[in-house]
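Visitor: Hey, I've just opened this one and I'm new to it. Could you walk me through what I'm looking at?

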Amino acid sequence: MKKIWILLGCILLIAFTAATGFTVDEELNKKVEQFYHSMEQATLAKDVDACFSYYSSDYKGLLFGPKKEDFIEIIKKLFSENDGIRLNCKIERIEPFENFIQVIQEETVEVKKTSDSEWTLLNKQMCADFLKEENGELKLLVNTPVNKDRFQYIQGKRFSNETIGISFSVPNDFIIIPAVHPTLSGSLAFLSSDASFTGMFAYVELPYNVGAKEAVLADDAAVKRIAGDSHQSIRTGPVPVGNLEAFECVSQFQFSNEAEARKRRNVYFTAGGLLYVFIFDAVPASKWEQLEPKFQSILDSFVLSEDAQKDGANKVREAKATGEVADRIYNNDELGCQIAAPEGWTLKTTALGEAFLFTVNMNPPKGGSVARFLGVEMKIDAPLEEILEKEGKGIEKLAKDFKIGPIESITVGDQEGKTCIQEFTLDGLGSMKRKSVMFKIDDVLYMILCDAVPASEYPQLESQFNEIIESFTAN
């Protein structure tokens with residue numbers, strides 16, 4: 001199930017092989033269908049123990065997904081807050097991958113309280129699940145939300161999208177998954193046949209003027225703050241990726257909820273207005289020597305077209321942007337919202353990440369400050385105070401010198417929301433002072449994030465930030 005989370009303060013959170021143990025036949029299909037049916041029934045019965053008996057003891061959320069323990073807490077909260085909850089898994093295809101079975105399924109979660117006359121849709125998403133047999137029973141080992149439309153660009157072991165000008169290949173014992181990342185665009189996950197390797201590729205149009213080196217080191221510093229003394233820096237420096245110069249960082253660390261340390265290689269590079277990201281993880285770290293040549297083969301196969309190198313940001317923007325920009329005004333007819341930038345500022349839509357319905361950047365004539373207008377679909381009825389508090393806690397884990405002011409009510413037109421001031425320091429970017437404003441209207445969370453970079457610029461920008469906030473309208 002999708003866990004809605006927002007970490008907006010950081011730069012970046014920074015055809016299949018033949019099966020060895022399974023054949024695609026009617027018996028296997030029935031077994032997979034029964035697995036999901038039983039899981040649906042356990043959810044309807046609100047039986048936590050039964051629900052998690054379907055998860056492998058080695059279960060992992062791919063990439064940055066929650067661990068099994070985190071899922072248990074999410075499910076317990078959903079069960080306690082709703083009188084009824086039901087899960088429906090519509091299987092689209094079942095395919096073997098080495099020792100696993102990959103299942104592409106559409107997952108729908110609905111909830112209901114006693115006072116409700118109808119069920120409320122909480123979440124609906126496509127997922128890629130990887131099942132394995134344990135003692136004769138199927139168990140869920142890995143799962144991740146996926147973007148169904150991007151399967152068309154995956155042919156065997158190669159991804160190729162001519163529209164955005166990107167292609168690369170993975171080794172024969174890897175699989176490419178069009179995973180969904182909340183704050184990055186075009187994300188693709190990689191999984192090895194023994195699940196000892198997970199990795200990803202993605203790109204993003206950064207709101208700040210930050211290069212590949214600064215972004216890599218900032219992300220590694222954020223991991224170090226979370227991993228603590230277990231973090232070891234192994235190497236950093238420039239590396240080539242085709243005809244592009246990238247910057248890499250290799251480190252080893254162990255998060256508190258992980259049984260074993262992992263070794264990670266981050267390789268970032270910039271071109272055409274976008275930051276491109278490769279992340280390779282060996283789990284456990286002892287698999288590194290075996291996996292590193294395969295990581296390198298992915299980088300060696302990467303091709304970025306000449307057009308993408310010149311103007312990749314515009315290509316992505318044209319493919320993804322929603323709403324219209326006229327001079328200094330952004331208007332989204334579909335959602336019925338609008339916002340305006342002050343005189344002399346620039347305003348443009350961006351392709352920040354797949355969790356967002358839209359993203360807009362507004363920049364003053366000089367300096368690195370930015371105001372961002374973002375929309376996220378939010379079915380969970382969480383109070384705005386709780387969302388702001390969680391955002392602050394997320395930033396505090398990643399940033400230094402974090403301070404947050406009181407959460408206060410704000411009214412803009414006839415819309416009531418919440419606001420607060422946060423101040424913190426990000427590696428690679430420096431000090432920042434942010435005014436966050438949030439409104440929830442018809443299952444859409446609207447966020448206006450006004451960032452003064454450096455923080456000392458805030459007093460002279462405050463009136464213009466307020467002008468932006470006051471220009472917000474929503475029907």
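**A first look around**

Guide: Let's start at one residue: at 16% relative accessibility, Glu 98 counts as buried (buried means under 20% relative accessible area, exposed over 50%, partly exposed in between, with a 1.4 Å probe and protein chains only). Before going on, this is a predicted model, where local features need pLDDT of at least 70, side-chain atom pairs count only at pLDDT 80 or more, and totals for chains, interfaces and linings use all residues. Residues are numbered from 1 along each chain as its sequence is written, and side-chain values use heavy atoms, with hydrogens and water left out.

Visitor: Okay, and where is Glu 98 found?

Guide: Glu 98 is in the loop between strand E2 (84-97) and strand E3 (100-112). Helices (H or I, at least four residues) and strands (E, at least two) are DSSP runs, numbered from the N terminus. Glu 98 also has a positive phi of about 50°, although it is not a glycine. Most residues other than glycine have a negative phi, and most peptide bonds are trans.

Visitor: What about cis peptide bonds, where should I look?

Guide: One joins Val 283 and Pro 284, with omega about 0°. Pro 284 lies in the loop between strand E15 (274-282) and H5. The peptide bond from Val 453 to Pro 454 is cis as well, with omega near 0°. Pro 454 is in the loop between strand E27 (444-452) and helix H8 (458-470).

Visitor: Let me zoom out. How many helices and strands does the protein have?

Guide: The protein has eight helices and 28 strands. Its C-alpha atoms fill a box of roughly 65 × 60 × 45 Å, taken along the principal axes.

Visitor: And how does the radius of gyration compare with a compact globule?

Guide: With 475 residues, a compact globule would have a radius of gyration near 23 Å, and the protein has 23 Å, which agrees. The radius is taken over C-alpha atoms, and the globule rule is 2.2 Å times the number of residues to the power 0.38. Of the 475 residues, 56% count as buried.

Visitor: How many bridges do E7 and E8 pair over?

Guide: Strand E7 (residues 158-161) and strand E8 (residues 166-169) pair over four bridges. Ser 160 stands opposite Ser 167 in E8.

Visitor: Last topic: how many aromatic pairs are in the whole structure?

Guide: A search finds 39. Rings of Phe, Tyr and Trp (its six-membered ring) pair if their centres lie within 6.5 Å; planes under 30 degrees apart count as stacked, over 60 as edge-to-face and the rest as tilted. Among them is Phe 35 with Tyr 54, edge-to-face at 5.6 Å centre to centre and 90° between the planes. That pair links distant parts of the chain, 19 residues apart: Phe 35 is in helix H1 (residues 26-44), Tyr 54 in the loop between helix H2 (48-52) and strand E1 (55-61).

Visitor: Are those two buried or exposed?

Guide: Phe 35 is buried, with a relative accessible area of 6%, and Tyr 54 is buried at 18%.

Methods: Pairing = 2+ DSSP bridges.
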